[in-house]
Amino acid sequence: MKNKLRVGVVGAGAVVREIYQYLYFQSEYSPLLEICAVADPNKENLQWFGNLAKLPDDRCFADYQKMLAEVELDAVQINTPDHLHCRPALDALAAGLDVVLPKPTAATVKDAHAMIQAAKEAGRYLGVDFHKREDPRIKEAEARFKGGRYGTFQTGVFYMIDKLLVADPNHSPRFFASPDFAERNTPVSFLTVHMADALMKITGLVPAQVRATGYSHKLPSLKPRAVNGYDLVDTEIVFTTGALAHVITGWALPNTAWAIAVQSGRMICSDGLLDLGLDTPGLREIHASGLSEANPLFRNFEKNGIVGGYGISSPGRLYQQILAHRNGAARDYETVAPDFYTTVILEAAEKSLAEGKKNEAGATRGEAIELGRFVRDQIGDAAARSYEL
Ligand SMILES: NC(=O)c1ccc[n+]([C@@H]2O[C@H](COP(=O)([O-])OP(=O)(O)OC[C@H]3O[C@@H](n4cnc5c(N)ncnc54)[C@H](O)[C@@H]3O)[C@@H](O)[C@H]2O)c1
């Protein structure tokens with residue numbers, strides 16, 4: 001019986017500094033993980049992580065393929081930018097390894113499908129860290145909703161709006177290392193996927209149509225470096241039941257906001273209403289630097305150095321499932337469809353905006369995208385049907 005997984009880390013950038021370093025070395029899941037190797041073409045990040053993990057030079061690679069060829073591993077965690085999740089995942093699955101990814105599964109429907117298919121064919125585990133799935137408030141909302149307490153979901157609004165400093169390349173220190181982060185990513189890929197996934201976890205609904213509206217006012221006005229991107233995007237999602245949700249995300253809230261992400265959700269149903277106070281988790285501080293709402297539910301530091309919270313337990317549980325799978329437990333494929341739907345919503349919302357019209361006031365009203373047709377065009381009829389689309 002295996003009690004530890006040999007893990008290779010592919011990509012050691014911001015998300016590893018913010019979250020995964022604690023998972024690997026300071027969490028209740030750390031004893032399950034032996035971090036054996038790292039691969040990252042960025043020398044600085046490679047060296048930082050190699051030192052942190054106390055890895056010898058011959059376990060630090062610029063090229064992940066060399067790592068896969070030279071190091072005996074059970075699993076890899078692929079922390080590369082969204083559009084670079086697919087190739088390393090396919091290579092790792094082909095090498096017989098299990099795979100853990102930060103959200104979203106991939107940037108495109110084709111990539112997400114190829115990865116899910118490869119995992120099924122290889123009989124290996126592909127786990128995506130959508131950490132809101134482990135947020136106790138979302139889990140409780142799901143249990144209550146699925147218990148029938150609120151009746152049929154009709155309509156809802158979810159929002160997640162970051163402080164401007166997240167997207168502003170002029171802010172010092174820069175939030176993300178690359179100055180073009182907010183041009184290479186959108187509020188949809190970075191934020192909408194979290195909220196859409198949370199909503200689908202609570203309701204179990206299948207998305208049918210997406211239409212996005214984007215606003216570009218603040219980002220293009222930034223100085224000295226302007227950002228050619230959206231401040232805010234409202235993604236309308238119609239589900240197969242006819243239920244409608246607006247998922248509103250952005251990253252141009254003044255830096256005086258009470259949290260890095262101001263976020264919440266309201267669901268209106270036939271027999272009741274549900275409010276999620278996601279950014280009022282109970283620890284408000286008045287401090288010389290301002291008034292803020294801390295979220296110890298996401299990440300908290302205990303006296304003994306252990307770091308907990310759903311930011312850690314979400315990927316931690318994926319590793320527990322991998323270990324159980326390696327020890328003979330059947331793979332639970334229940335989570336696979338939502339992993340796919342979030343990428344469908346992401347790509348469709350970006351397509352909706354790309355096909356929309358921008359007015360002189362800086363608003364872009366996107367085209368409606370029928371998801372069944374969109375997905376069939378990408379991956380064919382039979383594959384689309386396997387996701388009930
Ligand atoms: N859990 C979350 O809420 C959360 C938060 C932030 C980011 N993310 C996700 O995490 C992923 C990484 O984001 P980030 O903010 O850390 O980006 P980042 O740009 O800071 O880091 C990405 C790292 O991947 C490396 N890389 C690029 N190509 C590579 C390759 N072929 N092989 C190995 N390494 C390679 C880069 O050099 C860099 O060090 C993205 O998918 C992002 O959406 C998730």
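Let's begin where the two domains meet: 10 residues of domain 1 are in contact with 10 residues of domain 2. On the side of domain 1 that touches domain 2, 5 residues are nonpolar, 2 are polar and 3 are charged. Please keep in mind that this is a predicted model. Domain 1 covers 5-132 + 304-334, while domain 2 covers 136-297. Their C-alpha centres lie 25 Å apart.

**Around the ligand**

Which domains supply the shell around the ligand? Domain 1 and domain 2 each give at least three residues to that shell. There are 25 residues around the ligand, and those that come nearest are Gly11, Gly13, Ala14, Asn42 and Pro102. Helix H1 (residues 14-25) provides the largest share of the shell, with 3 residues. Sorted by class, the shell holds 13 nonpolar, 8 polar and 4 charged residues.

**Helices that pack together**

| Helix pair | Axes come within | Crossing angle |
|---|---|---|
| H6 (residues 136-146) and H8 (residues 187-203) | 7 Å | roughly 35° |
| H5 (residues 109-122) and H10 (residues 336-354) | 9 Å | roughly 165° |
| H8 and H10 | 9 Å | roughly 135° |

Take H6 and H8, whose axes cross at roughly 35°. H6 brings Ile138, Ala141, Glu142 and Phe145 to this contact, and H8 brings Ala198, Lys201, Ile202 and Thr203. The contact of H6 with H8 is made up of 5 nonpolar, 1 polar and 2 charged residues.

The crossing of H5 past H10 is right-handed. On H5, the contact uses Val109, Ala112, His113 and Ile116, and on H10 it uses Val336, Asp339, Phe340, Thr343, Val344 and Glu347. Of these residues, 6 are nonpolar, 2 polar and 2 charged.

H8 also meets H10, and their axes cross at roughly 135°. That angle makes H8 oblique to H10. Here, too, the helices pass in a right-handed crossing. From H8 come Val188, Ser189, Thr192, Val193, Ala196, Asp197, Met200 and Lys201, which meet Pro338, Tyr341, Thr342, Ile345, Leu346, Ala349 and Glu350 in H10. By class, this contact has 9 nonpolar, 3 polar and 3 charged residues.

**Backbone details in the loops**

Most peptide bonds are trans, and most residues other than glycine have a negative phi. With that in mind, where do the cis bonds sit? Pro173 lies in the loop between strand S7 (153-163) and helix H7 (181-184). Another joins Lys223 and Pro224, with omega about -5°. Pro224 belongs to the loop between strand S8 (207-215) and strand S9 (232-239).

Finally, have a look at Lys54, a residue that is not a glycine but has a positive phi of about 55°. You will find Lys54 in the loop between helix H2 (43-52) and strand S3 (60-61).

Notes:
Residues are numbered from 1 along each chain as its sequence is written. This is a predicted model: local features need pLDDT of at least 70, side-chain atom pairs count only at pLDDT 80 or more; totals for chains, interfaces and linings use all residues. A residue is near a molecule or strand if its C-beta atom, placed from the backbone, lies within 6 Å of it. Helices (H or I, at least four residues) and strands (E, at least two) are DSSP runs, numbered from the N terminus. Ala, Val, Leu, Ile, Met, Phe, Trp, Tyr, Cys and Pro count as nonpolar, Asp, Glu, Lys and Arg as charged, and the others, Gly among them, as polar. Domain bounds come from an automatic or database domain assignment. Axes are lines fitted to C-alpha atoms, for helices over the stretch in contact, and angles run from 0 to 180 degrees between N-to-C directions. Two residues are in contact if their C-beta atoms, placed from the backbone, lie within 7 Å. A crossing is left-handed if the near helix is turned anticlockwise from the far one by less than a right angle, and right-handed if clockwise. Angles under 35 degrees count as roughly parallel, over 145 as roughly antiparallel, 65 to 115 as roughly perpendicular and the rest as oblique.
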